[in-house]
Amino acid sequence: MSLAGSTTDTSISFKLKVWRQANAHAEGRFETYEMRDIPTDTSFLEMMDILNEQLIEQGQEPVTFDHDCREGICGMCSLYVNGHPHGPATGATTCQLYMRRFKDGDTITVEPWRSAAFPVIKDLMVNRNAFDQIQQAGGYVSFQTGGAQDANAIPISKEAADEAMDSATCIGCGACVAACKNGSAMLFLSAKVSQFALLPQGRAEAKRRVKAMLAKMDELGFGNCTNTGACAAECPKNIKLSNIARLNREFICAKCAD
Amino acid sequence: MPRDVASRAAKERCDKGFGVNNTGKAVFLDFSEAINRLGIDVIRQRYGNLFDMYEEITDVNPGELANEINGVKYYNPMMIYPAIHYTMGGIWVDYELQTSIKGLFAIGECNFSDHGANRLGASALMQGLADGYFVLPYTIQNYLSDQISVPRFSTESVEFDEAEKKVQANLDHLMGIQGKRSVDSIHKELGNVMWDYVGMARTKESLETALEKLKALRKEFETNLFIPGTQEGMNIELDKAFRLRDFITMGELIAYDALNRHESCGGHFREEHQTEEGEAKRDDENFFYVACWKYNGYKYKLQT
């Protein structure tokens, strides 16, 4: 038995085709970079760091991309890698993608999220402020906190708690929009609506919430949902498509009550 | 076992050359006993997310049987190594969570108010919620109620001009250095200095060395930095440079404070001050206080 954890010393060389765009209004183009002897234990973003270090060494401008926690929980990293948001790995963000997923001699294409609602800021960085605006339209509960309540005053079943928690794991990265042929934000919205709809604390404002958030989404230029399911297939947090059914149900109920 | 003790033990083994993995910077964490006792389903329910993340990073599934010797099942061990994750302490605030700058409030993890000497799980989340839900809604109006009679400032005033000039001078300085080092390369060096000399176990000598190295690093930053591109529009290197300058200041501050505190306490472990069992030896007689340092250019003044 070889001891587990013996990470290998293998490294690969490949071509990197990266989208470069000076700003929102400039014309973009692909630039090709040769990457040599990158250890397969390198994460995708660390590989981008290596590229940028090389570019800076040559006096050139580095590739702009979003990143922050690099442990898959902040939702900042994006990157459309070889036609997939967050690359070929499932249930993982770009920062959790490792170079062992690629082969020596590959050509790896890296693009920004492409959606009318997410304009490019520079290179691979897009403006995802639209998601913040949807959240601000109703993605919260408002109540006076007052004194701390006794524990277990509002019983919640484990099923409901688990499902609300699963919806709440949405990190708002925008991969669902990037994956969707219509540029729809329905999976994101449905996760945000579901995490509250499933819990008693969220019921009080449920009707107002779903109408306001949906109206905001439409206003910001996201496309419509045709139930293709690419969003759920590409979601790094495995947000389920059934959330969209719940969103539709919540919306119809809210409209009927008008 | 407290995380500081576990972390120091892991680092000690690696420093002595007993580390596993091709870098030598890891020790094994073995779940076999727990899996054999509770079953893989229970363990997966507790740590499934962690196992999945680990597999994505290393290509090894810790829930997978590795070997069976004399009827005892052994599962793939995980390679672990301590890493800096959190800073105990933060921006000084009063009981209303207002900083020393009037009208500027600091809430959540960034202020010092609820931190102890050691990090407790989920304390950052707890503090964000507590400050936001329970404190700020009852304190910020004390400030705001006085503001209603204050007329709007004009941006034409001298103070605005001076602030703008200062920021512009700062930008011009950083963009004008045109040296040889990237922001990231200096940032990495800073990380190594902090890890090696101001890390989980410190000594008087290591902290003094750190302060010297940090002084040199600041000089390197201010004289040999290279930021490509221009000031206009998005420039991530310029953005990072401003933050790195703050990180160097922060690093110096941590080293000064650690040097000044002649005791071990929580996450601050001075090798000179330990019990026979290797636990932190406190000196409450002399150090039973929260240290507060005041920014004064690049000089620091202790207020207790």
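**Note on a predicted two-chain model**

1. A:E159 lies in helix α3 of chain A, which covers residues 158-168; helices here are DSSP runs of H or I with at least four residues, strands are DSSP runs of E with at least two, and both are numbered from the N terminus.

2. Residues are numbered from 1 along each chain as its sequence is written, and chains are lettered from A and ligands numbered from 1 in the order in which they are written.

3. Chain A holds nine helices and seven strands, and its C-alpha atoms fill a box of roughly 60 × 55 × 35 Å along the principal axes. Of its 258 residues, 40% count as buried. Among the contacts in chain A with a separation of 6 or more, 70% come from residues 24 or more positions apart, where two residues are in contact if their C-beta atoms, placed from the backbone, lie within 7 Å.

4. Chain B has nine helices and six strands, and the box filled by its C-alpha atoms, again taken along the principal axes, is roughly 80 × 50 × 45 Å. Buried residues make up 18% of the 304 residues in chain B, and 54% of the contacts between residues at least 6 apart in sequence join residues at least 24 apart.

5. An open sheet of five strands in chain A has the order β2-β1-β5-β3-β4, with mixed pairing; two strands pair if DSSP finds at least two bridges between them. The edge strands, each pairing on one side only, are β2 (29-39) and β4 (84-85) of chain A. Strand β1 (residues 11-20) of chain A runs antiparallel to β2(A) and is joined to it by nine bridges, and A:F14 has A:M35 in β2(A) as its bridge partner. Helix α1(A) lies across β1 and β2 of chain A, running at about 105 degrees to β2(A); angles run from 0 to 180 degrees between N-to-C directions, and axes are lines fitted to C-alpha atoms, for helices over the stretch in contact.

6. Helix α5 (residues 186-197) and helix α9 (residues 242-256), both of chain A, have axes that come within 8 Å and cross at roughly 70 degrees. The two helices α5(A) and α9(A) are therefore roughly perpendicular to each other, a label given to angles of 65 to 115 degrees, whereas angles under 35 count as roughly parallel, those over 145 as roughly antiparallel and the rest as oblique. The residues in this contact include A:M186, A:L187 and A:V193 of α5(A), and A:I244, A:R246 and A:E250 of α9(A). By class, the contact of α5(A) with α9(A) has eight nonpolar, three polar and two charged residues; Ala, Val, Leu, Ile, Met, Phe, Trp, Tyr, Cys and Pro count as nonpolar, Asp, Glu, Lys and Arg as charged, and the others, Gly among them, as polar.

7. Helix α5(A) also packs with helix α7 (residues 206-219) of chain A, at an angle of about 170 degrees and with the axes 11 Å apart. The helices α5(A) and α7(A) are therefore roughly antiparallel to each other. Among the residues that meet here are A:L189, A:V193 and A:F196 in α5(A), and A:V210, A:M213 and A:M217 in α7(A). The contact of α5(A) with α7(A) divides into nine nonpolar, no polar and two charged residues.

8. In chain B, strand β2 (residues 65-69) and strand β3 (residues 72-75) run antiparallel and are joined by four bridges, with B:V72 in β3(B) as the bridge partner of B:I69. β2(B) and β3(B) form a hairpin with two residues between them, and B:N70 in the turn has a positive phi of about 50 degrees.

9. The contact between the chains takes 25 residues from chain A and 26 residues from chain B. On the side of chain A that touches chain B, α1 (44-57) and β6 (120-122) each supply at least two residues, and α1(A) gives the most, with three residues. By class, that side of chain A has nine nonpolar, 10 polar and six charged residues.

Definitions and conventions: This is a predicted model: local features need pLDDT of at least 70, side-chain atom pairs count only at pLDDT 80 or more; totals for chains, interfaces and linings use all residues. A residue is buried if 20 or more other C-beta atoms lie within 10 Å of its own, exposed if 12 or fewer, and partly exposed in between; C-beta atoms are placed from the backbone.
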